[in-house]
Amino acid sequence: MIIFVQRDYGESERAKKAVLKKIKDICAKSVELTYSATGKPLLDDGYISFAHTENVFVAAYSSQNIGVDIEKKERKVTCEKIGDTERWTQLEAFAKWTGEGVTKSLLDMQIDVNYLSKARIASDLWVTVFSADKDIAVCEIF
């Protein structure tokens, strides 16, 4: 899997286009992005998931189903039942991986930890990935 990172990305649609161009360049594949009825991004060949926090945008691309979330470690989660920010990223990435998104109550989700990975991008960020693909490469987009 490849985790694409773009700092100071401006707006998400432009960042998504930059990621799709990178995938096309790296993998020599044509890449067309569509969305499921629940909002899960779909590619004609491979899987992709998007997330952002403040000025950092990430996209996770893999040949396996994937879900990603990112948050600043300093962000405080206001729901006591969820716990801390790291747990929030796990729940949101899992929801994206299942394709249900946040349409299902995060508190009702049973996370399958066998597919849980963490990507180290920066010391001030939590990046959680759900996928059967455990080989992670990080690619900065400038």
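Is D8 buried or exposed? D8 is exposed, with a relative accessible area of 61%; here exposed means over 50% relative accessible area, buried under 20% and partly exposed in between (1.4 Å probe, protein chains only). A few notes from a colleague follow.

1. **Ground rules.** This is a predicted model, in which local features need pLDDT of at least 70 and side-chain atom pairs count only at pLDDT 80 or more, while totals for chains, interfaces and linings use all residues. Residues are numbered from 1 along each chain as its sequence is written, and side-chain values use heavy atoms, leaving out hydrogens and water.

2. **Two residues with positive phi.** Most residues other than glycine have a negative phi. D8, although not a glycine, has a positive phi of about 50°, and it lies in the loop between β1 (2-7) and α1 (12-27). Helices (H or I, at least four residues) and strands (E, at least two) are DSSP runs, numbered from the N terminus. E54 has a positive phi near 40° and sits in the loop between β4 and β5. E54 is exposed, with a relative accessible area of 58%.

3. Strands β4 and β5 (residues 56-62) pair in the antiparallel sense over seven bridges; two strands count as paired if DSSP finds at least two bridges between them. V56 in β5 is the bridge partner of T53, and two residues stand between the strands of this hairpin. Five of the seven residues of β4 (residues 47-53) are buried, so β4 is largely enclosed by the rest of the structure.

4. **Nonpolar cores.** A core here is a set of buried Ala, Val, Leu, Ile, Met, Phe, Trp, Tyr and Cys residues joined through side-chain atoms within 4.5 Å. The largest one has 16 residues, and I3, V58 and V127 have the most contacts inside it. At least two residues of this core come from each of β1, β5, β6 (66-72) and β8 (125-131). A second, separate core has 15 residues, including F4, Y9, A59 and C139.

5. **V58 in detail.** Leaving aside residues up to four places away in sequence, V58 touches I3, F4, V5, S49, F50, A51, V68, I70 and I121, where contact means heavy atoms within 4.5 Å.

6. **The open sheet.** Three strands form an open, antiparallel sheet in the order β6-β8-β7. β6 and β7 (116-118) are at the edges, each with a single partner strand, so one side of each is left without a neighbour in the sheet. Between β7 and β8 there are three bridges, and K118 has T128 in β8 as its bridge partner.
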